[in-house]
Amino acid sequence: MVNCPKCEAVIDVDEEDLDEGDTITCDDCGAELNVTGLDPLDVELAEEEEEEEEADEDFDYDEEEDDKEEEEDEEDWK
């Protein structure tokens with residue numbers, strides 16, 4: 001058994017059927033996971049999943065900056 005790095009759910013897999021580099025899916029959150037170690041069993045998010053998470057984390061919405069831009073746009077219309 002191993003925990004999903006995305007949602008921490010316990011993933012019950014037959015470790016004897018796995019090889020390093022295999023991909024498994026978390027039943028709880030659907031994350032694609034790469035097997036990175038066998039003794040002990042270790043998994044990490046597949047690259048595609050990792051990139052999506054990083055993109056979500058990198059997006060930093062600045063409401064004040066947005067308000068400032070709206071005010072400037074309104075001034076341009078006057």
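What share of the 78 residues of the chain counts as buried? The share is 22%, where buried means under 20% relative accessible area, exposed means over 50%, and partly exposed lies in between (1.4 Å probe, protein chains only). This is a predicted model, in which local features need pLDDT of at least 70 and side-chain atom pairs count only at pLDDT 80 or more, while totals for chains, interfaces and linings use all residues. Residues are numbered from 1 along each chain as its sequence is written, and side-chain values use heavy atoms, with hydrogens and water left out.

## Overall layout

The chain has two helices and five strands. Both kinds of element are DSSP runs numbered from the N terminus: helices are H or I with at least four residues, strands are E with at least two. In sequence order the pattern is β-β-β-β-β-α-α. The accessible surface comes to about 6400 Å², by the Shrake-Rupley method with a 1.4 Å probe. Carbon and sulfur atoms hold 37% of that surface. Take the contacts in the chain with a separation of 6 or more: residues 24 or more positions apart account for 19% of them. Contact means heavy atoms within 4.5 Å.

## The sheet

S3, S4 and S5 form an open sheet, in the order S3-S4-S5, with antiparallel pairing. Strand S3 (23-25) and strand S5 (41-45) are the edge strands; each has a single partner strand, so one side of each lacks a neighbour in the sheet. From one strand to the next, the twist averages 45 degrees, taken between the N-to-C directions of lines fitted to C-alpha atoms, on a scale from 0 to 180 degrees. Strands of a sheet pair through backbone hydrogen bonds. Here a pair requires at least two DSSP bridges.

S3 and S4 share three bridges. Thr25 stands opposite Glu32 in S4. The hairpin of S3 and S4 has six residues between the strands. Gly30 belongs to that hairpin and takes a positive phi near 80 degrees.

Strand S4 (residues 32-38) and S5 pair over five bridges. Leu33 has Leu45 as its bridge partner in S5. Gly37 is bridged to Asp42, also in S5. Two residues link S4 to S5 in a hairpin.

## The nonpolar core

A nonpolar core is a set of buried Ala, Val, Leu, Ile, Met, Phe, Trp, Tyr and Cys residues joined through side-chain atoms within 4.5 Å. The largest one has 13 residues. Cys4, Ile11, Ile24, Cys26, Ala31, Leu33 and Val43 touch the most other members. S4 and S5 each supply at least two residues of this core. S5 gives the largest share, three residues.

Which residues does Val43 contact, leaving aside its neighbours within four places in sequence? They are Val2, Asn3, Pro5, Ile24, Leu33, Asn34, Val35 and Thr36.

## Cysteines and loops

How many disulfides does the model contain? The count is zero, with a disulfide taken as a pair of cysteine sulfur atoms within 2.5 Å. Cys7 is in no disulfide; its nearest cysteine sulfur, that of Cys26, is 3.7 Å away. For Cys29, the closest cysteine sulfur is in Cys7, and at 3.7 Å the two are too far apart for a bond.

Gly30 lies in the loop between S3 and S4. Gly30 and Cys7 are 23 residues apart along the chain, with 9.6 Å between their C-alpha atoms.

Pro40 lies in the loop between S4 and S5. The peptide bond from Asp39 to Pro40 is cis, with omega near 10 degrees. Pro40 and Val2 are 38 residues apart in sequence, and their C-alpha atoms are 9.1 Å apart in space.

Glu8 sits in the loop between strand S1 (2-3) and strand S2 (10-11). Its phi is near 70 degrees, a positive value in a residue other than glycine.

| Residue | Relative accessibility | Class |
|---|---|---|
| Cys7 | 32% | partly exposed |
| Cys29 | 34% | partly exposed |
| Gly30 | 35% | partly exposed |
| Pro40 | 65% | exposed |
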